[in-house]
Amino acid sequence: MKVSNNGLVTTLFLTIITAQACKEQAPVSNVIVTTFAGSTAGYADGNGTQAKFNSPTGLTVDASGNVYVADLLNSKIRKITPDGTVSTIAGTTAGYLDGAGADAKFNKPVDVALDVNGNIIVADYSNFKIRKIDSNGIVTTVAGSTQGHADGPALSAMFYYPSALAIGQDGVIYVAEPDHLIRKIIPNGTVSTLAGNTINGYIDGPGINAEFDLPSGLAVDANNNVYVADYHNNTIRKIDKFGVVSSFVGGANEFGVSNGTVSSTLFEGPTGVAIDQIGNFIVSEIGNSTGAGYSRIRKVSSSGTVTTLTGSDKGYVDGTGGSAKFDYPNDVAIDANGNIYVADEFNHVIRKIVVKP
């Protein structure tokens, strides 16, 4: 999920130097998009559209179908039950304080992930920390101290605006930072740099020799390969278990919304990535090559075929396939039934996508 380096949410329109022609497949008609929760910008618990969020940016789903949301500008972590009931599980006013959920403070929490024990891990963007909410609602700090770049023991390590999270089945927490780094926190708390350096660029290769340009979303597969939505490079990158970075789909020197195979497809501004139980990838993206801006949800099948599921020009419309509209879909998550949830940030809602057989 993408936020600007100064901590403010931003819409980024890319400067187009060369127009790229693309052959885009129309979004499929068996996709139904609805508003799961939220309405106008604000803060309110309640059911469905009675609730209010203020720039929801990251989300995750547990095995029971509960959706957890990083509510960025409310500085809160919210929960949505399968029937759409929204409650606040942690956070009060913006700040930094560990403790019971109702007393704890975050400062622009931007992403959430669930660990193997059901704890909620939070990328606390403007506090430069990784936080944890346990099953009793108690908030603690997992890693991070002040703003900066430093590996080492958890509470002395430094992060620079941690902006995305993913957790492997081995309990390792992966963190994306907007200054082009992917960090990791192993279960004993030690923080290290997995890949990238502070130079923005596009280089595949091992560890810190690789380069990213604004990594904005993360996912981990069953083999602990890490996938990165590399926003400015218009690419989904892969980091294998040895730390070697390669390009999975898309290309840095081209951008657009063409569909096809992973070797020929174009993306523009991928913001979030999630993997379902059978190895399909769902990617949220934003772009401006049409001139008016668009917001789309794409699918990379386990067989390597890329399609557009839904979305078109930016806006706010529920409906089927290409008739649905989003405005800055910042993150995606998938439940056990294959339903897709979208943090539709600038519409201040959580959308649900159902793909019918």
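How many helices and how many strands does the secondary structure of the protein come to? Please then examine K129: which residues is K129 in contact with, leaving aside its neighbours within four places in sequence?

Modeller: This is a predicted model, in which local features need pLDDT of at least 70 and side-chain atom pairs count only at pLDDT 80 or more, while totals for chains, interfaces and linings use all residues. Residues are numbered from 1 along each chain as its sequence is written, and side-chain values use heavy atoms, with hydrogens and water left out.

The secondary structure comes to 0 helices and 29 strands; these are DSSP runs numbered from the N terminus, with helices (H or I) of at least four residues and strands (E) of at least two. Of the 357 residues in the protein, 58% are buried, where buried means under 20% relative accessible area, exposed over 50% and partly exposed in between, with a 1.4 Å probe and protein chains only.

K129 is found in strand β10, residues 129–133. K129 is buried yet has no salt bridge, a salt bridge being a side-chain nitrogen of Lys or Arg within 4 Å of a carboxyl oxygen of Asp or Glu. The nearest side chain of opposite charge, D124, is 7.2 Å away; here Lys and Arg count as positive and Asp and Glu as negative, with His and the chain ends not counted. The side chain of K129 does, however, reach the backbone oxygen of S145 at 2.6 Å. Beyond its neighbours within four places in sequence, K129 is in contact (heavy atoms within 4.5 Å) with Y96, V122, A123, D124, T141, A143, G144, S145 and P162.

The whole structure has 8 aromatic pairs, with rings of Phe, Tyr and Trp (its six-membered ring) pairing if their centres lie within 6.5 Å, and planes under 30 degrees apart counted as stacked, over 60 as edge-to-face and the rest as tilted. The rings of Y125 and Y161 have centres 4.9 Å apart and planes at 40°, so this pair is tilted. Y125 lies in the loop between β9 (120–124) and β10, and Y161 in the loop between β11 (138–143) and β12 (164–167), so the pair ties together parts that are 36 residues apart in sequence. Both Y125 and Y161 are buried. Together with F128 and Y160, Y125 and Y161 form one aromatic cluster.

D45 lies in the loop between β1 (31–38) and β2 (46–47) and R78 in strand β5 (residues 76–80), so the pair ties together parts that are 33 residues apart in sequence. D45 is partly exposed at 36% relative accessibility, whereas R78 is buried with a relative accessible area of 0%. R78 also forms a salt bridge with D71, the closest N and O atoms being 2.7 Å apart, and D71 is likewise buried. A further salt bridge links E285 and R298, with the closest N and O atoms 2.5 Å apart. Both E285 and R298 are buried. Through shared partners, salt bridges join D45, D71 and R78 into one network.

Notes:
Polar contact = N/O pair within 3.5 Å; in protein donor to acceptor, adjacent residues only side chain to side chain.
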